[in-house]
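Trainee: Could you show me how to read helices and contacts in a model like this?
Mentor: Happy to; let's open it up and go feature by feature.

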Amino acid sequence: MHLEVENILHSQAKNMSLSICDVEHRATHLHPEIEVILVLKGSPLLNIGGNIQKFSQTDIILIDANELHEIISEPEPSTLLSLHVLPQYFEGYFPQMTFIKFEENALRSKNKKLFIYTFCKLLKTYLSQEPYYQLQCAGLINIMVYDILQSCAYHHLYDEKLRQTTNRSRLLSDVINYVEEHYAERITLAGMAAYLNLSASYLSHFILNNLHQSFSDFLTYTRYLNAKALLMNNELSLTEICYSCGFSDYRYMNKAFKKYTSCTPNEFKKKAKINRLPSSKRGSVKIYPQEEMLGAMQEFLETNYLDDYQI
């Protein structure tokens, strides 16, 4: 899987952000924010920490801070409303949030309809930027988080357990960033272990336990996804893409594409010409501009007979 430490921009309200996007594939990534997702359309598969779960329209998904996840929605893309909020958002009045680790990803709210209304109201408030909108956003987020805490199993991380979890997240980020920065070079597990001041044996077990694949497979998949992104742009030759992504020869790149797409790079390049969504090494994702977000939300409410009153 391609792995990435995602940096979320909190351009409007500090420590939180909202977005709507169409997703065919979002490569595996993690971020320090807790993420709440409302499925507006489609049936996405989420690979969360190696556990694959299928979701449907109106489902609510909870992703913990620094939890690895990948989104797959093929052949039709899914439309997702996402809230990213840092645990620090609550530190002035509910500092326990920093120590909470959720045990579930499917949110089974005791009042799902009210949760969805609150989520949609949050989006509308966030986009309106009327006076004091930050206060209203905070109130709506608190209602949602209260519901999550009431509905989801979780435990607290303290002392040694918290230290271990923090160190794990930090090392995972270091591994991801190192491979993403050096995948085009001839890198080895031993070289990365030396750079991180770890033994190769320890690092090999850490990658296998946390990324659910070997270092070699992780590196190959990262190279494959970067090659895939370049192929979709149709600007370089297959040979140029092969060497620029770190494959030692075309045979290895061909083998990677056969493994992950069941077609050759050339066949994939032809298919990419009719790809519906913008593509990059992060996946195939279309992020809605703000002026289209309210329309997507309203369509969702009407389609699912949830427009009982004005949001």
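Trainee: At roughly what angle do the axes of helix α3 (residues 159–182) and helix α5 (residues 200–211) cross?

Mentor: One word on the source before the angle. This is a predicted model, in which local features need pLDDT of at least 70 and side-chain atom pairs count only at pLDDT 80 or more, while totals for chains, interfaces and linings use all residues. Residues are numbered from 1 along each chain as its sequence is written, and side-chain values use heavy atoms, with hydrogens and water left out.
Helices (H or I, at least four residues) and strands (E, at least two) are DSSP runs, numbered from the N terminus. Axes are lines fitted to C-alpha atoms, for helices over the stretch in contact, and angles run from 0 to 180 degrees between N-to-C directions. Here the axes of α3 and α5 cross at roughly 100° and come within 11 Å. That makes α3 roughly perpendicular to α5; the cut-offs are under 35 degrees for roughly parallel, over 145 for roughly antiparallel, 65 to 115 for roughly perpendicular, and oblique for the rest.

Trainee: Which residues meet where α3 and α5 pack?

Mentor: Contact means heavy atoms within 4.5 Å. R168, L171, L172 and V175 of α3 meet Y202, L203, F206, I207, N210 and L211 of α5.

Trainee: Is F206 buried or exposed?

Mentor: Buried means under 20% relative accessible area, exposed over 50%, and partly exposed in between (1.4 Å probe, protein chains only). F206, which sits in helix α5, is buried because its relative accessible area is 8%. Not counting residues up to four places away in sequence, F206 touches R168, L171, L172, V175 and L211. F206 and V175 are 31 residues apart in sequence, yet 9.9 Å apart in space, C-alpha to C-alpha.

Trainee: Which residues in α10 are buried?

Mentor: In α10, the residues M293, A296, M297, F300 and L301 are buried. They cover an arc of only 135° around the axis, so they lie on the same side of α10; the arc is that of the directions from the helix axis to the C-beta atoms. Their cover includes β1 (16–29), β2 (34–41) and α1 (112–128).

Trainee: At about what angle do α1 and α10 pack?

Mentor: α1 and α10 pack at about 160°, with axes 10 Å apart. That makes α1 roughly antiparallel to α10. I116, C120, L123, K124 and L127 in α1 meet a set in α10 that includes M293, M297 and F300.

Trainee: Now a loop, please: where is F99, and what does it contact?

Mentor: F99 lies in the loop between β7 (78–85) and β8 (100–102). With a relative accessible area of 25%, F99 is partly exposed. Leaving aside neighbours within four places in sequence, F99 is in contact with H155, H156, L157, Y158 and L162.

Trainee: And T264: buried or exposed?

Mentor: T264 is buried, with a relative accessible area of 17%. T264 is found in the loop between α8 (250–261) and α9 (265–272). Beyond its neighbours within four places in sequence, T264 is in contact with N254, F257 and K258.
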